[in-house]
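Please open the model in your viewer and keep the sequence panel beside it. The stops below say what to select next and what is found there.

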Amino acid sequence: MNSTHRLSHLDQLESEAIYILREVAAQFERPALLFSGGKDSICLVHLALKAFRPGKFPFPLVHIDTGHNFDEALKFRDNLAEKIGEKLIVRYVQDSIDQGKAVEEKGKFPSRNAIQAVTLLDTIAEFKFDACIGGARRDEEKARAKERIFSVRDEFGSWDPKLQRPELWNIYNGKIHVGENVRVFPISNWTELDVWEYIRKEKIDLPSLYFSHQREIVWREELVFPVSKFISLDNTDKVETRTVRFRTVGDMTCTAAVESEANSVDDIIREIQVSRTTERGSRLDDKRSEAAMEERKKGGYF
């Protein structure tokens with residue numbers, strides 16, 4: 001009897017992502033994988049291991065360190081790079097500020113989220129990267145949904161959502177002019193739930209930030225923010241200790257936590273299935289305007 005093997009939903013997503021990673025290796029001369037120590041970039045590293053082992057990665061891991069990161073994410077980043085034996089390149093937003101290339105925000109919650117684009121573009125120029133692989137997903141935010149999997153940036157690092165190339169079936173066009181580069185998003189078609197179900201299936205380790213823990217917090221605009229040395233508290237702020245976790249991990253000044261008792265992947269999956277808020281609903285930078293993400297992307301953001 002003839003039997004037809006059907007790939008599961010997660011297997012199909014994994015296969016597509018591995019195919020895209022191999023396309024990057026085939027089409028570009030100097031690609032890089034943008035790696036922050038967050039769950040999406042950790043999944044990208046896991047997919048790259050499946051795509052290229054037993055060989056070495058055809059690209060380095062690159063992190064643009066804003067200086068406002070969670071210590072847990074940085075420690076995880078360094079440990080993972082050492083464990084898999086791949087090259088990690090770190091460049092610092094603080095250097096861009098010191099050189100006068102970027103101006104830091106003022107205020108109680110000064111964000112470096114937007115100005116990290118300056119450091120990224122300098123890093124691309126320094127190493128002559130022609131493709132940067134990122135962990136963005138279309139379900140995250142409406143500007144993300146306008147992206148193609150191969151998203152071309154001009155010689156200034158700018159993104160024009162009106163000049164996206166068609167992508168028919170699994171055909172990806174990586175041809176670019178001198179000075180241009182491409183941002184590649186292998187998990188574009190994944191959702192937050194897909195990521196967590198894949199993490200469960202593959203038994204992928206994550207930073208402790210994603211699981212419930214006690215932390216000092218302060219409320220701002222009905223969001224729960226971690227207390228850190230990067231924010232300026234005043235007499236009106238009430239510091240509390242709550243049991244929280246983080247759905248997304250960015251800067252400590254713009255990434256809010258959610259109150260949660262979820263301390264396992266299964267708990268988190270159940271929590272997401274009934275959640276009425278989006279993953280990036282806890283990112284303060286995305287709330288600044290209707291087009292906040294799109295404007296950052298046009299300036300060279302991830």
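How many bridges join strand β7 to β8, and do they run parallel or antiparallel? Select β7 (residues 213-220) and β8, and you will find four bridges between two strands that run antiparallel; strands here are DSSP runs of E with at least two residues, helices are runs of H or I with at least four, both numbered from the N terminus, and two strands pair if DSSP finds at least two bridges between them. Before going further, note that this is a predicted model, in which local features need pLDDT of at least 70 and side-chain atom pairs count only at pLDDT 80 or more, while totals for chains, interfaces and linings use all residues. Residues are numbered from 1 along each chain as its sequence is written, and side-chain values use heavy atoms, with hydrogens and water left out.

Stay with this hairpin, where two residues lie between the strands and Glu221 takes a positive phi near 50°. Trp219 stands opposite Val224 in β8. Now select β8 (residues 223-226) by itself: Leu223 and Phe225 point one way, Val224 and Pro226 point the other way, and all are buried (under 20% relative accessible area with a 1.4 Å probe, protein chains only; exposed is over 50% and partly exposed in between). In a regular strand the side chains alternate between the two faces of the sheet.

The open sheet of four strands then reads β8-β7-β9-β10 with antiparallel pairing, and its edge strands are β8 and β10 (258-259), each pairing on one side only.

Move to helices α1 (residues 9-27) and α2 (residues 39-52), which pack at an angle of about 70° with their axes 9 Å apart; axes are lines fitted to C-alpha atoms, for helices over the stretch in contact, and angles run from 0 to 180 degrees between N-to-C directions. The two helices are therefore roughly perpendicular to each other (65 to 115 degrees; under 35 is roughly parallel, over 145 roughly antiparallel and the rest oblique).

Finally, select α6 (residues 192-202), whose axis comes within 11 Å of that of α1 and crosses it at roughly 95°. The residues in this contact include His9 and Leu10 of α1 and Tyr198 and Lys201 of α6.

Notes
Contact = heavy atoms within 4.5 Å.
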